[in-house]
Amino acid sequence: MKKIIIINGPNLNLLGKREPNIYGSLTFVEFFDTVKEKYPNVALEHFQSNIEGEIIDKIQSCGFNYDGIILNAAAYTHTSVGIGDAVKAIETPVVEVHISNTFSREEFRHQSFIAPNAKGVVLGFGLQSYELAIQSFL
Ligand code: DQA
């Protein structure tokens with residue numbers, strides 16, 4: 001069974017409440033439950049933190065023994081050299097995900113410290129971006 005973890009960064013714990021016009025009205029837990037049901041043959045985990053160092057710790061601890069990491073580093077995508085370096089340091093392939101189309105938004109969201117070392121990037125498809133990333137590992 002493939003072992004895949006979704007790592008979500010800052011403010012993604014507020015999905016459902018946060019700017020629903022951009023991020024939708026479903027909570028991540030609601031979405032995650034339906035996805036887990038849909039992919040019973042994948043060992044799917046979810047981790048969320050608002051703290052940069054905790055995200056780095058998680059990337060490191062999953063980075064040598066998981067089949068895939070799906071990473072939505074949220075705002076840290078655009079600022080964190082440390083998370084970018086963590087992605088570079090590990091062996092597990094990382095797919096970068098965004099709910100919104102970051103390229104249709106403010107210019108500071110066009111920069112990613114993760115993309116250069118990611119296996120691929122999925123963005124702009126709402127929460128379905130996560131599902132497309134799961135499929136990319138199957
Ligand atoms: C986001 C896009 C980021 O620019 C933003 O800071 C987020 C969410 C997305 O999933 O669309 O928090 O990563």
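Author: Before we look at single residues, take one rule with you: two strands count as paired if DSSP finds at least two bridges between them. The model shown here is a predicted one, and in it strand E1, residues 2-8, pairs with E2 in the parallel sense over seven bridges.

Reader: Which residue in E2 does Asn8 stand opposite?

Author: Asn8 stands opposite Gln48 in E2.

Reader: What is the order of the strands in the open sheet?

Author: The five strands of this open sheet run in the order E2-E1-E3-E4-E5, and their pairing is parallel. Strand E2 (42-48) and strand E5 (120-123) stand at the edges with a single partner strand each, so one side of each has no neighbour in the sheet. On average, and with direction ignored, neighbouring strands of the sheet are turned by 20° against each other.

Reader: Which strands does helix H3 touch where it packs on the sheet?

Author: Helix H3, residues 52-62, touches E1, E2 and strand E3 (68-72), and its direction makes about 170° with that of E1.

Reader: How many helices and strands does the protein have, and what pattern do they follow along the sequence?

Author: There are five helices and five strands, and reading along the sequence gives the pattern β-α-α-β-α-β-α-β-β-α. The radius of gyration is 14 Å, close to the 14 Å that the globule rule gives for 138 residues, so the protein is as compact as a globular protein of that length.

Reader: What share of the residues counts as buried?

Author: With buried meaning under 20% relative accessible area, 46% of the 138 residues fall in that group.

How values were computed. Residues are numbered from 1 along each chain as its sequence is written. This is a predicted model: local features need pLDDT of at least 70, side-chain atom pairs count only at pLDDT 80 or more; totals for chains, interfaces and linings use all residues. Side-chain values use heavy atoms; hydrogens and water are left out. Helices (H or I, at least four residues) and strands (E, at least two) are DSSP runs, numbered from the N terminus. Axes are lines fitted to C-alpha atoms, for helices over the stretch in contact, and angles run from 0 to 180 degrees between N-to-C directions. Contact means heavy atoms within 4.5 Å. The radius of gyration is taken over C-alpha atoms; the globule rule is 2.2 Å times the number of residues to the power 0.38. Buried means under 20% relative accessible area, exposed over 50%, partly exposed in between (1.4 Å probe, protein chains only).
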